[in-house]
Structures are given as structure tokens and as C-alpha cells.
Amino acid sequence: MTILSQHHYHPLRSSHHAGLDHQRRCPMNVHCSTTTTTIKPKTKPKPEQLVIEQTRLVTPPPSVTTTTCVTLNYLSLQSTWSHRAWVASGCTTLAVSLVKCVTAAAESHMWFEPILAGLVGYVLADLGSGLYHWGIDNYGSASTPVFGSQIEGFQGHHKWPWTITRRQFANNIHALARGITFTVLPIDLICNGPILHGFVAVCSGCIMFSQQFHAWAHGTKSRLPPLVLALQDAGVLVSRSQHAAHHRQPYNNNYCIVSGVWNEFLDELKVFEALEMIVFFKLGVRPRSWSEPNSEWTEENESPSQITLH
Ligand SMILES: [Zn+2]
Ligand SMILES: [Zn+2]
């Protein structure tokens, strides 16, 4: 059977522009390239073929023997020099804060309070990640000032959750690194207290790397480093099972992505639902989770092995 077709689609940049039918057939990829192929009629793709497709996500081979959606927008998952520069600046501001904390603690022989402040920062970073994630999941759009690209990115993430595991490190965290640079740099320049810097260094570090923790929460056990697995199992980093619940109906819980320690508390007390009611009655704005989970927020692909073959 010979099939020839060509589709262009930008799911990570658009939630609304293409028909669902097309999205389902071509879930992630910008360019559904098609090639000439020979497929036996009424034969389902064999597991070996699916494995081949995973490889193509990264480097499409020159000769394609099976007609499929091939990822040609994999460049959008790659880090650019601008991404790396923002991550470097974020890491630098964090390092300055940490060094200031340690030197001031050493000079004053005060260690307990800065360490305690760091622990508080770690715990509050999880809460902050949940609030931020809830906000961008539910409100605004791609055209929202400052947060537009993050909102768009997270909506794309809800359609194709596994793509986050293919993002390169700096590509994944550069937006948060930029935010950390702008908030921590002034604190570095003005403040010298060990307690404040203990809090700032740990809290902002956890927030900046929360997208990496998030990516690890989408990883498979066999691919994650043993240390990451151990930290996830110990509850230091958000667990894979806890975050998986965020990607299942009703799509309005488990927003925290640092340690996940706040998730149970926030969800049992229905804190986000209460916030949504307050926003609705005060501003008349409905959260996306009230209306979209049954349509566009459908999780279409758990893993690359489920890429649709044509
Ligand atoms: Zn989300
Ligand atoms: Zn996720």
C-alpha cells in the first residue's frame, strides 16, 4: 500500500488551531511526513516497529520504510544558547546567594537558623510550584503578557505529557531561570543575612529546577538515574505516581511539582477549588479545568511507544 500525504501542525504552540482528528493522528509533531511504504493489510504495528519510531523522534533516518508521523520539530525541544545563558545566569544568582549564606553563617557561627530557613524554603517552594502551576494551567492564554509562553507550554504538556522527557535541560527550565535571575539578583546585591540567603537559595533553587523534577516525574523507572529514583521514592522529589494523577481526570489536583508534600493537603481541603470559586465570583473568570478536561485535555500519549502509525 502506498500512502502519500503531508501535514503541518504545531501542537506545542497551539491548542485550538487544528482539528482533533488531525491531532490524534499526528499527536506531537509539527511535520507529519509521509513516505512511500509497504504495509501488510490488516496488520497492526509490531512492537519492533514502535521501537524504531522512538529512535526517529531524535534522528529521523534517511530512509524511512514505514509511513508514520515523524518528529521534525524536535528542534523545539532542543536547548538554544539563549536558554543556556538564562540557566547560567539563574545558577549564578543562586550560587551567589548560597555563598553569601555560607560565608555569613561561618562569620557569625550561626548554622542552625540558616539551615532551618533552607528547609522552610524547600517546603514553601513546593507550595509555590503548585500555585504557579494551577494558575497557568487554568487562566490566561498564549497572548497573556509575561506568562503567555509558559501557559501555552503547559497546555501543550497536558496534551502530550511525555514530550517533556524529550526536552533538553536548558530548554525545559530557562523560563524559570529567567524569573529567578530577576528576583534573586536584587536580593544578592542588597542583602547579606545568612538566614535570608539560606531561604532564598534553597527556595528559588527548588523553584528553578522544579521543571526538571517535573520531567523526572514523567520518566520511566528504567531510564531515570538511581539517585533520582531514590529521591522520588523517599518523597524528596515529586513522585511519578503522584504526578501521574495530575494527568488523569478530573485534571484539577496534584499541582505541586517540587516534593509534592503539599498535594494531599491542598487537594483534600479543596484549596484550589475554593480559589477558583473566589476568582469566578470576584472576576467572573472560569478556570480551564471546569470545562476543558473532557475535550482538549485528553491525554493522548503516555509514551513515545504509542505514536500513531499510518
Ligand atoms: Zn498541569
Ligand atoms: Zn506533567
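Tutor: Let's start with contacts: of those in the protein with a separation of 6 or more, 73% are between residues 24 or more positions apart, a contact being two C-beta atoms, placed from the backbone, within 7 Å. This is a predicted model, where local features need pLDDT of at least 70 and side-chain atom pairs count only at pLDDT 80 or more, while totals for chains, interfaces and linings use all residues. Residues are numbered from 1 along each chain as its sequence is written, and chains are lettered from A and ligands numbered from 1 in the order in which they are written.

The mean pLDDT (the predictor's confidence in each residue, from 0 to 100) is 79, with 70% of residues reaching 70 or more. Over residues 1-72, pLDDT is below 50, yet that stretch has 93 contacts in the model beyond near neighbours in sequence.

As for elements, there are twelve helices and two strands, meaning DSSP runs numbered from the N terminus (helices H or I, at least four residues; strands E, at least two).

Now your pair: α6 (residues 169-190) and α8 (residues 210-217) pack at about 135 degrees, axes 8 Å apart. Axes are lines fitted to C-alpha atoms, for helices over the stretch in contact, with angles from 0 to 180 degrees between N-to-C directions. That's why α6 and α8 are oblique to each other: under 35 degrees is roughly parallel, over 145 roughly antiparallel, 65 to 115 roughly perpendicular, and the rest oblique. On the α6 side, Phe169, Asn172, Ile173 and Leu176 meet Ser210, Gln211, Gln212 and Ala215 of α8.
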